Amino acid sequence: MGRYVNEKALRYQEFLSREEGRQHHTYREERNQFELLRAGDPRALEARQAAKRNNQPGTVSLDPLRNLKYLMVTNIASSCRAAIEGGVDEQRAYQISDLYIQRMDLMEDPKEIECLGDDAFAFYLREVQSLGKKRTCSRPVARCLDHIYNHLHQPITLRDLAELSGLNPSYLSTLFKEEMGMTVSDYIMSKKMEAARNMLKYSEFSCSEISATLNFSSQSHFIRAFRKYNGDTPGAYRRKNSRLTGGEGCPAASEEKQEENAPPGNSNKI
């Protein structure tokens with residue numbers, strides 16, 4: 001047997017499980033929900049709930065709250081792997097997992113932790129489902145999309161993308177718009193706005209930190225762009241949508257003042 005687990009301990013665990021009527025779900029039940037997630041099948045949600053209803057959770061810690069957190073980390077990790085197998089970008093999938101686990105680490109309410117686990121599973125399912133709706137694009141444009149996704153924190157120019165894809169800048173610009181339905185600069189801005197919304201929802205980064213992270217020329221430029229694309233200032237968006245409790249992460253008074261005074265201007269400059 002192992003150094004820390006022996007036959008006697010296993011037998012005692014089996015005895016406790018029988019006495020307390022506890023039973024792990026079967027491997028098939030466990031895999032079913034994740035196989036459906038990997039396929040983007042909406043039945044994954046019901047399969048998950050069925051597995052939760054039919055079986056008692058395992059015991060990996062004698063502390064009930066810690067036990068629930070350990071089990072939820074395992075579940076989120078399994079959801080993450082299933083989503084990657086379903087085609088979700090690896091780095092994006094891992095980042096989603098990190099954010100959910102970080103948020104769970106702050107929780108003390110078992111019901112909140114259960115809801116977070118369900119939310120993570122549903123989030124990954126939507127990620128897989130969205131892949132089927134994405135436009136099929138050529139290899140040069142696909143390379144550009146990958147580069148943009150991985151370098152939002154750096155300056156990105158059409159010339160850089162043209163060199164990466166091996167195409168003339170003018171031709172790449174035309175091809176990109178035909179396949180993606182928007183210009184290169186508009187696409188980059190849309191991805192920056194998507195990243196900004198997630199940072200406002202799930203982190204405590206200030207507006208100035210988000211602006212610097214996403215390589216905006218100034219905080220006021222970021223605020224103008226955000227208001228143009230989202231209809232709200234970053235501070236107002238965070239107050240309406242933050243997943244942090246107790247109003248955490250709202251902007252400081254100085255930032256709110258800057259949002260109010262941000263002059264209108266050209267928000268398309270990247």
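Two residues are in contact when heavy atoms lie within 4.5 Å. Keep that cut-off in mind for the model above, which is predicted: local features need pLDDT of at least 70, side-chain atom pairs count only at pLDDT 80 or more, and totals for chains, interfaces and linings use all residues. Residues are numbered from 1 along each chain as its sequence is written, and side-chain values use heavy atoms, with hydrogens and water left out.

Start with the overall fold. The protein has 14 helices and zero strands. Helices (H or I, at least four residues) and strands (E, at least two) are DSSP runs, numbered from the N terminus. Among contacts in the protein with a separation of 6 or more, 68% join residues 24 or more positions apart.

Now the surface and the interior. The protein exposes about 16,000 Å², and carbon and sulfur atoms supply 50% of that area. Accessible areas come from the Shrake-Rupley method with a 1.4 Å probe; for residues, only the protein chains shown count as cover. Of the 270 residues, 36% are buried. Buried means under 20% relative accessible area, exposed over 50%, and partly exposed in between (1.4 Å probe, protein chains only).

Go next to S61. This serine sits in the loop between α3 (43-54) and α4 (64-85). S61 counts as buried because its relative accessible area is 14%. Leaving out residues up to four places away in sequence, S61 touches R66, N67 and Y70. A polar atom of the S61 side chain also lies 3.2 Å from the backbone nitrogen of D63.

Then look at the aromatic rings. A pair of aromatic rings is described by the distance of the centres and the angle of the planes. Rings of Phe, Tyr and Trp (its six-membered ring) pair if their centres lie within 6.5 Å; planes under 30 degrees apart count as stacked, over 60 as edge-to-face and the rest as tilted. The count by this rule is six aromatic pairs. One of them joins F222 and F226, a tilted pair with 5.9 Å centre to centre and 55° between the planes. Both residues lie in helix α12 (residues 219-230), four residues apart, about one turn of the helix. F222 and F226 are both buried. Ring pairs link F216, F222, F226 and Y237 into a cluster.

Finish with the cysteines. The structure holds zero disulfides (pairs of cysteine sulfur atoms within 2.5 Å). C144 is buried, because its relative accessibility is 0%. C207 is buried too, at 1%.

Terms used. Polar contact = N/O pair within 3.5 Å; in protein donor to acceptor, adjacent residues only side chain to side chain.
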